Amino acid sequence: MAFNEEDNYLMLSGIQHFQFCKRQWALIHIEQQWEENVKTVEGQHLHKRADDHTIREKRGDKLVVRAMPIQSRELKITGVCDVVEFRSDAKGVEINGVSGTYLPYPVEYKRGKKKQGEEDLLQLVAQAICLEEMLLCEVEYGYLFYNETKQRIKVSITEELKEKVRQTTHEMYQYYKRRHTPKVKTGTFCKSCSLQHICLPKLMNKQSVKSYIEGKIKG
């Protein structure tokens with residue numbers, strides 16, 4: 001069987017996990033562990049509505065495509081855009097089955113509200129990099145839509161943000177090649193983590209599993 005490099009591509013969605021917590025990313029993407037919580041269930045429900053690939057809408061000079069598969073050879077990542085809005089533009093590219101030329105603008109849907117960190121931002125920029133590479137065009141901006149606040153935020157796709165994505169995916173691959181899961185670094189974010197019961201941050205920081213079990217037996 002011929003080697004297919006794409007089989008070893010990392011999931012684009014992992015960028016968000018990696019930015020949130022490197023250990024969480026490793027537990028999910030290296031150790032293949034997952035645990036549902038209210039937030040992940042709500043998030044999946046929201047994405048099912050966005051990722052209805054049977055819907056392809058034409059609205060005037062705009063074409064809306066849902067659940068569009070994307071990938072990047074440069075970053076060695078693969079994933080799916082929730083929504084890509086193709087807008088009519090003389091500098092754009094042709095789309096099969098549609099007359100005219102268009103430029104793409106990715107739209108990423110999020111369950112909650114705007115975060116302080118850059119996890120959502122870098123995930124969107126990674127999508128833009130994929131679209132630029134696949135369609136041979138420039139993606140000037142995209143959007144983050146937060147369902148809790150019904151807020152749609154326009155994001156400029158800058159070279160600075162692209163470089164952050166490149167550095168992030170490179171670091172992800174270093175962990176992945178070594179199959180290395182980082183140690184726990186606790187914080188307030190642990191409370192909202194869907195893997196807190198697998199990761200056991202309080203237990204691992206305070207005592208070993210062996211001493212914990214011995215203490216329970218003696219108690």
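## Helix α4 against helix α5

In helix α4, Leu121, Leu122, Val125, Ala126, Ile129 and Glu132 meet Leu161, Lys162, Lys164, Val165 and Thr168 of α5 (contact: heavy atoms within 4.5 Å). By class, this contact of α4 with α5 holds seven nonpolar, one polar and three charged residues (nonpolar: Ala, Val, Leu, Ile, Met, Phe, Trp, Tyr, Cys and Pro; charged: Asp, Glu, Lys and Arg; polar: the others, Gly among them).

The model is predicted: local features need pLDDT of at least 70 and side-chain atom pairs pLDDT 80 or more, while totals for chains, interfaces and linings use all residues. Residues are numbered from 1 along each chain as its sequence is written, and side-chain values use heavy atoms, without hydrogens and water.

Helix α4 covers residues 119-135, and its axis comes within 9 Å of the α5 axis, crossing at roughly 95° (axes: lines fitted to C-alpha atoms over the stretch in contact, with angles from 0 to 180 degrees between N-to-C directions; helices: DSSP runs of H or I, at least four residues, numbered from the N terminus). The two helices are therefore roughly perpendicular (65 to 115 degrees).

## Helix α2 against helix α5

Helix α2 (residues 22-29) packs on helix α5 (residues 159-178) at an angle of about 55°, with the axes 11 Å apart.

Lys22, Trp25 and His29 of α2 meet Glu171, Met172, Tyr175 and Tyr176 of α5. The residues of this contact divide into four nonpolar, one polar and two charged.

## Aromatic rings

Seven aromatic pairs are found in the whole structure (ring centres of Phe, Tyr or Trp, its six-membered ring, within 6.5 Å). Ring pairs join Phe18, Trp25 and Tyr175 into a cluster.

Arg152 lies over the face of Tyr143, 3.9 Å from the ring centre (over a ring: NZ of Lys or CZ of Arg within 6 Å of the centre and within 35 degrees of the ring normal). Arg179 lies over the face of Tyr176, at 4.2 Å from the ring centre.

How values were computed. Rings of Phe, Tyr and Trp (its six-membered ring) pair if their centres lie within 6.5 Å; planes under 30 degrees apart count as stacked, over 60 as edge-to-face and the rest as tilted. Angles under 35 degrees count as roughly parallel, over 145 as roughly antiparallel, 65 to 115 as roughly perpendicular and the rest as oblique.
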